[in-house]
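Morning, everyone. I have one chain to walk through today. Have a look at it first.

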Amino acid sequence: MKKILYFLLLMLSFSGFSQKKSSSKHPKNIILLIGDGMGAAQVYAGIVANKGHLNIERSQFIGFHKNQATDDFVTDSGAGATALSIGQKSYNGSIGVDSLKKAQPTILEIAEKNGLATGLLATCSITHATPASFIAHQPSRTMVEEIANDFLKTDVDVFIGGGRKHFAKRKDGRNLIDSLKAKNYQIANTIEEVENVKSGKLAGFLADEEQVKISEGRGEQLLKSTKIALNILKQNKKGFFVMIEGSQIDWGGHANDTQYIINEMIDFDKAIGEAFDFADKDGNTLVIVTADHETGGFSLIDADKEGHIEGKFTTKSHTGVMIPVYAYGVGAEAFSGIYFNNQIFDKMLKAFDFKK
C-alpha cells in the first residue's frame, strides 16, 4: 500500500499537479519586476557568477521588447517605464504622460479603479523615474517633490524604497509624512519596521535619498520587502498589481562596474524567486520580469570556473538594444515574441481583462 501511495504522489509531482492550477485564463494578480538597465548580458553575468543558476531561468516564456523613446533611439528610465505603465511611447524624462505631456492612466491606477490592491517597491528613491512612472504624472522626472505629492492622489496600498526627504524635507515646507498618516498609512523607516507590518497600508522609507549598494551593506531589503508586500497585497480577495524594481543594476552599468552589476543582479533575482514561488502556491498569478533599457553596452569577455567574470563596456550610458521579457504563471504565453515596450501594458490589461 505504501508503495502504491508513493507511486501516485510521484506521478502527481511529475505531472505538475503538486502546484495549484488556475481555474481562469485571467490572473487575479500581476507581479511586474523591472531590473533597471538589465539586458541579456547582465542576466547571464548573474547566472555565471552564481555558479550557473538563477531563479530567472525558471521562466516559462521569453520575448523581447523594442524600447525606443519618441524623441530618441536610446530611451531613459522615464520614457521606458512610462511606456510600460501607460501603454504609449513617450519622450525621455516623461513620467506617466504621453508624448504631448498629457497624463494617461497607469496600469497601477487602472488596477486600483477595478478594486485591486497595488504596490511599488524599489532599491532607489521611490520618486525615481521607474517607480514614479507607475503612480505619478509629471512632464519631467526631475520634479521629485511633485512626484511625491502624486502619491497622495492614489490609494496605493504598499510602497517601499528610498526618498524620504522628498516627502518630509520639502522646499514648499509641507510634510507629506503627516499627510500619509492621515490617510492611514503605517510609516516604516527601517527594514525591521517594514517587517513588523502585517496588514493595512504601508509607506516604507529605507533611506533619506537612495539606498546603499549591496556591497555597502544594504542586505536583503528587496527580498524582505517583496515578502511583506505580497503578504499584505494578497489579503485583497479581488487581487493585486505590484511593480518591483531592482534599481541599481543600472547604476553598475553607468559606473562600468562588472561586480556592481553582478551583486545587484543576484539580489534582484532573489525577489524574482520569491515572486515565482508565490505564483506556484497561489495558482492565479502572472509574473513578468523585464527591464526599461540596457545600460553600459555590457558584454562578457571571459569567466573562470569560480564564476569570476571579465566584463567590457561600450558606454557609460544606456543603449538601444532589445530587452528580454521573461514570463511565468497564468497568461505567461502572451509575452513570447518580439514587440514594442508599450505593448506590455496592453498584454497586462488583457491579462486582467480590464478596460483602459
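How many helices and strands does the secondary structure of the chain come to? It comes to 13 helices and 14 strands. These are DSSP runs, helices being H or I with at least four residues and strands E with at least two, numbered from the N terminus. The radius of gyration, over C-alpha atoms, is 20 Å.

A word on the source. This is a predicted model: local features need pLDDT of at least 70, side-chain atom pairs count only at pLDDT 80 or more, and totals for chains, interfaces and linings use all residues. Residues are numbered from 1 along each chain as its sequence is written, and side-chain values use heavy atoms, with hydrogens and water left out.

Next, the box. The C-alpha atoms fill roughly 75 × 50 × 40 Å along the principal axes.

Burial now. Of the 356 residues, 56% are buried, meaning under 20% relative accessible area with a 1.4 Å probe, protein chains only.

Contacts: heavy atoms within 4.5 Å. Take those between residues at least 6 apart in sequence; 73% join residues at least 24 apart.

Now zoom in on helix α6, residues 144–151. Why is α6 largely enclosed by the rest of the structure? Because six of its eight residues are buried. They are Glu145, Ile147, Ala148, Asn149, Asp150 and Phe151. Their cover includes β3 (117–125), α5 (129–132), β4 (158–162), α7 (165–168) and α8 (176–182).

Definitions and conventions
Rg over C-alpha atoms; globule rule 2.2 N^0.38 Å. Buried < 20%, exposed > 50% of the residue type's maximum accessible area, 1.4 Å probe, protein only.
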